[in-house]
Amino acid sequence: MSSKKQAIFISSLVILWYSSNIGVILLNKFLLSNYGFRFPIFLTMCHMAACAILSYISIVFLKIVPLQTLKSKSQFVKIATLSVVFCGSVVGGNISLRYLAVSFNQAVGATTPFFTALFAYLATLKREAWVTYAALVPVVTGVVIASGGEPSFHFFGFVMCISATAARAFKSVLQGILLSSEGEKLNSMNLLLYMSPIAILVLLPAALIMEPNVVDDTLSLGREHKFMWLLLLVNSVMAYSANLSNFLVTKHTSALTLQVLGNAKGAVAVVISILLFKNPVTVIGIGGYMITVAGVVAYGEAKRRFR
């Protein structure tokens with residue numbers, strides 16, 4: 001592939017990654033807060049159903065990546081454990097969007113490196129260089145400042161967002177530990193293929209018990225709003241697209257490029273959400289978020305230099 005074609009191809013992947021990732025967050029917020037669809041567990045189950053079906057089509061029929069088969073019962077149990085943690089992180093994030101502005105949700109989500117470093121140390125007792133840990137100070141400080149300057153701060157929403165962020169970090173650390181042997185390693189697309197059906201089995205009873213009116217209310221909303229089913233479908237497909245495009249961008253770019261793009265993506269999501277939802281922001285809140293992002297950038301650079 002010529003350099004020009006490769007640049008266009010990678011640019012297209014980045015655009016797909018940004019649009020699907022930011023799009024699913026904004027649509028989640030719209031459905032859960034503005035549209036009257038108050039069922040974050042059921043919404044997550046829809047996402048997992050789309051991921052299960054589209055992963056199977058992508059891997060088995062389109063052969064985007066080779067199919068990796070499970071080799072043991074032990075490997076299945078490990079994947080099931082990861083799936084439960086993954087469910088917790090996604091459901092927690094969706095619940096938080098009912099109560100928090102997307103901009104503040106993204107600011108809290110940017111603290112993922114802090115929780116990753118914490119869980120990695122607790123699980124392996126391996127220490128990073130002190131400079132790496134020092135870079136985490138502004139990550140946490142920025143969120144504390146942003147919380148104080150958030151006009152629509154909601155304590156329960158904040159707790160759910162922090163919990164979702166911690167669960168996301170815990171899942172990445174757990175994945176590195178449980179699937180560490182060469183025979184058990186799966187690429188992210190095959191891992192999603194196996195995790196999604198397990199997630200559905202976990203989320204279906206949870207939705208029926210914790211969201212008892214979900215079926216009747218969803219059907220009622222569907223009759224009242226003719227585009228609701230289309231929104232749910234687009235939202236669910238975007239959830240898969242975000243995973244697929246993230247995998248492809250990771251495959252075709254360097255770790256440093258991915259880190260820079262990831263940091264910029266959060267900032268883009270914040271700006272777009274403020275423009276769309278018109279949620280009030282303060283100078284203190286914006287300043288806190290910028291401090292957090294600067295800390296995340298410094299942390300990534302410190303890890304790269306002092307590895």
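E301 is partly exposed, with a relative accessible area of 23%. Here, buried means under 20% relative accessible area, exposed means over 50%, and partly exposed lies in between (1.4 Å probe, protein chains only). The model is predicted: local features need pLDDT of at least 70, side-chain atom pairs count only at pLDDT 80 or more, and totals for chains, interfaces and linings use all residues. Residues are numbered from 1 along each chain as its sequence is written, and side-chain values use heavy atoms, with hydrogens and water left out.

**Salt bridges**

- A salt bridge is a side-chain nitrogen of Lys or Arg within 4 Å of a carboxyl oxygen of Asp or Glu. By this rule the model has five salt bridges.
- E301 pairs with R305 in one of them, at 2.7 Å from N to O. Both residues lie in helix 13, four residues apart, about one turn of the helix. Helices are DSSP runs (H or I, at least four residues), as strands are (E, at least two), and both are numbered from the N terminus.
- An α-helix has 3.6 residues a turn, so residues three or four places apart point the same way.
- R305 counts as exposed because its relative accessible area is 62%. A network of salt bridges links E301, R304 and R305.
- E184 forms a salt bridge with K78, and their closest N and O atoms are 2.8 Å apart. E184 sits in the loop between helix 8 (155-178) and helix 9 (188-210), while K78 sits in helix 3 (residues 73-99), so the pair ties together parts that are 106 residues apart in sequence. E184 is buried, at 13% relative accessibility.
- E128 bridges to K303, with 3.5 Å between the closest N and O atoms. This pair links distant parts of the chain, 175 residues apart: E128 is in the loop between helix 5 (112-124) and helix 6 (130-134), and K303 is in helix 13 (residues 283-305). Both partners are partly exposed: E128 at 30% and K303 at 27%.

**Cysteines**

- A disulfide is a covalent bond between the sulfur atoms of two cysteines. The test used here is a pair of cysteine sulfur atoms within 2.5 Å.
- How many disulfides are there by this rule? The count is zero.
- C87 is in no disulfide either, and its nearest cysteine sulfur, that of C51, is 11 Å away.
- C46 is buried at 17% relative accessibility, and C87 is buried at 5%.

**The nonpolar core**

- In soluble globular proteins, nonpolar side chains tend to be buried together.
- A nonpolar core is a set of buried Ala, Val, Leu, Ile, Met, Phe, Trp, Tyr and Cys residues joined through side-chain atoms within 4.5 Å.
- The largest such core has 58 residues, and F37, F42, L82, M189, L191, L203 and L232 touch the most other members. Among the elements that give two or more residues to this core are helix 1 (3-34), helix 10 (214-224), helix 11 (228-252) and helix 12 (255-277). Helix 1 gives the largest share, ten residues.
- Contact means heavy atoms within 4.5 Å. Leaving out residues up to four places away in sequence, F37 touches L31, L32, F42, L43, T218, L221, M228 and L232.
- T218 lies in helix 10 and is buried at 4% relative accessibility. Beyond four places in sequence, T218 touches F37, F39, F42, M228 and W229.

**Helix 4**

- Is helix 4 largely enclosed or open? Eight of its eight residues are buried, so helix 4 is largely enclosed by the rest of the structure.
- Its buried residues include V102, F104 and V108.
- Q106 lies in helix 4 (residues 102-109). At 16% relative accessibility, Q106 is buried. Beyond four places in sequence, Q106 touches I25, G266, A269, V270 and Y289.

**A nonpolar surface patch**

- I53, Y56, I57, F61, L62 and I64 make a nonpolar surface patch of about 600 Å².
- Patch residues have over 30% relative accessible area and no salt bridge; like charges are joined within 9 Å, and nonpolar side chains (Val, Leu, Ile, Met, Phe, Trp, Tyr) within 5 Å. Accessible areas come from the Shrake-Rupley method with a 1.4 Å probe; for residues, only the protein chains shown count as cover.
- I53 belongs to helix 2 (residues 40-61) and is exposed, at 52%.
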